[in-house]
Each structure stands twice: as structure tokens, then as C-alpha cells.
Amino acid sequence: MNRLEAMALLKELVADNLVEPNYIHICERKPNHYQIQIKCDYNKKELEEYAKKHNLSIEEDKEKNCLAIFKP
């Protein structure tokens with residue numbers, strides 16, 4: 001997704017109460033393709049359903065307190 005899509009996605013996730021971000025970072029995953037990195041509390045099941053519905057992927061860190069959301 002491009003940078004504007006990443007910002008719109010983040011706003012939608014917060015508005016739908018799927019994430020409560022403490023720290024947000026939008027960074028390039030590949031040239032001109034961005035991902036959202038969020039350190040937050042989140043509802044994993046609802047977030048996975050949302051990601052599947054919108055053809056997105058989610059990666060969690062080992063401690064499960066930070067995740068990355070991106071288009072595969």
C-alpha cells in the first residue's frame with residue numbers, strides 16, 4: 001500500500017476500536033510499499049478478520065506487543 005493508504009488504514013483501525021496505539025511508525029517495506037508498525041493493545045481475532053477481509057497481512061513480534069500490518 002502507498003503512504004496515503006497506510007494513513008487511511010490506521011485511522012480506520014483506530015475508529016473501529018481494533019487497535020489502541022501507544023506508538024505508531026509508518027515505514028517502507030519495499031520501495032513505494034509501506035507498512036504500519038504499531039505498539040499497542042489489540043483484539044487479535046477481530047484484527048485478523050479485518051486483515052483477511054481487506055487482503056492485508058499481520059506480523060507480530062515474539063512478545064506480542066507490537067505488530068506490522070501490510071499488503072502482501
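**Figure 1. Arginine 29 over the ring of phenylalanine 70.** In this predicted model, arginine 29 sits over the face of phenylalanine 70, with 3.5 Å to the ring centre. A search for aromatic pairs through the whole structure returns zero.

**Figure 2. The largest cavity and its lining.** The count of cavities of 30 Å³ or more comes to one. The volume of the largest cavity is about 40 Å³. Its lining consists of Met1, Arg29, Lys30, His33, Tyr34, Phe70 and Lys71. Strand 1 and strand 2 are the elements that contribute two or more residues to this lining. Arg29 and Phe70, both among the lining residues, are also the two partners in the charge-over-ring arrangement of the previous view.

**Figure 3. The largest nonpolar core.** This core has 18 residues, and those touching the most other members are Leu9, Leu13, Ile36, Ile38, Leu47, Leu56 and Ile69. At least two core residues come from each of helix 1 (3-15), strand 1 (19-30), strand 2 (33-42), helix 2 (44-53) and strand 4 (66-70). In soluble globular proteins, nonpolar side chains tend to be buried together.

**Figure 4. Surroundings of leucine 9.** With neighbours within four places in sequence left aside, leucine 9 is in contact with Met1, Ile36, Tyr50, Leu56 and Ile69. Of these, Ile36, Leu56 and Ile69 are, like Leu9, among the core residues that touch the most other members. Met1 belongs to the contacts of leucine 9 and also to the lining of the largest cavity.

Figure 5. Most residues other than glycine have a negative phi. Asparagine 17, not a glycine, has a positive phi of about 55 degrees. Asparagine 17 is located in the loop between helix 1 and strand 1. Its relative accessible area is 62%, so asparagine 17 is exposed. Asparagine 32, also not a glycine, has a positive phi of about 65 degrees. The loop between strand 1 and strand 2 holds asparagine 32. Asparagine 32 counts as exposed because its relative accessibility is 58%, where the cut-off for exposed is over 50%.

**Figure 6. Lysine 45 and leucine 18.** Lysine 45 is placed in helix 2. Lysine 45 counts as exposed because its relative accessibility is 58%. Along the chain, lysine 45 and leucine 18 are 27 residues apart, while their C-alpha atoms are separated by 9.6 Å.

How values were computed:
Residues are numbered from 1 along each chain as its sequence is written. This is a predicted model: local features need pLDDT of at least 70, side-chain atom pairs count only at pLDDT 80 or more; totals for chains, interfaces and linings use all residues. Side-chain values use heavy atoms; hydrogens and water are left out. A nonpolar core is a set of buried Ala, Val, Leu, Ile, Met, Phe, Trp, Tyr and Cys residues joined through side-chain atoms within 4.5 Å. Buried means under 20% relative accessible area, exposed over 50%, partly exposed in between (1.4 Å probe, protein chains only). Helices (H or I, at least four residues) and strands (E, at least two) are DSSP runs, numbered from the N terminus. Contact means heavy atoms within 4.5 Å. Rings of Phe, Tyr and Trp (its six-membered ring) pair if their centres lie within 6.5 Å; planes under 30 degrees apart count as stacked, over 60 as edge-to-face and the rest as tilted. A charge sits over a ring if NZ of Lys or CZ of Arg is within 6 Å of the ring centre and within 35 degrees of the ring normal. On a 1 Å grid over the protein atoms alone, a cavity is a set of points where a 1.4 Å probe fits but cannot get out, and a pocket is an open set with protein on both sides within 12 Å along at least five of seven lines; lining residues have an atom within 4 Å of a point. Grid points are joined across faces, edges and corners, and a volume is the space filled by probe spheres set on the points.
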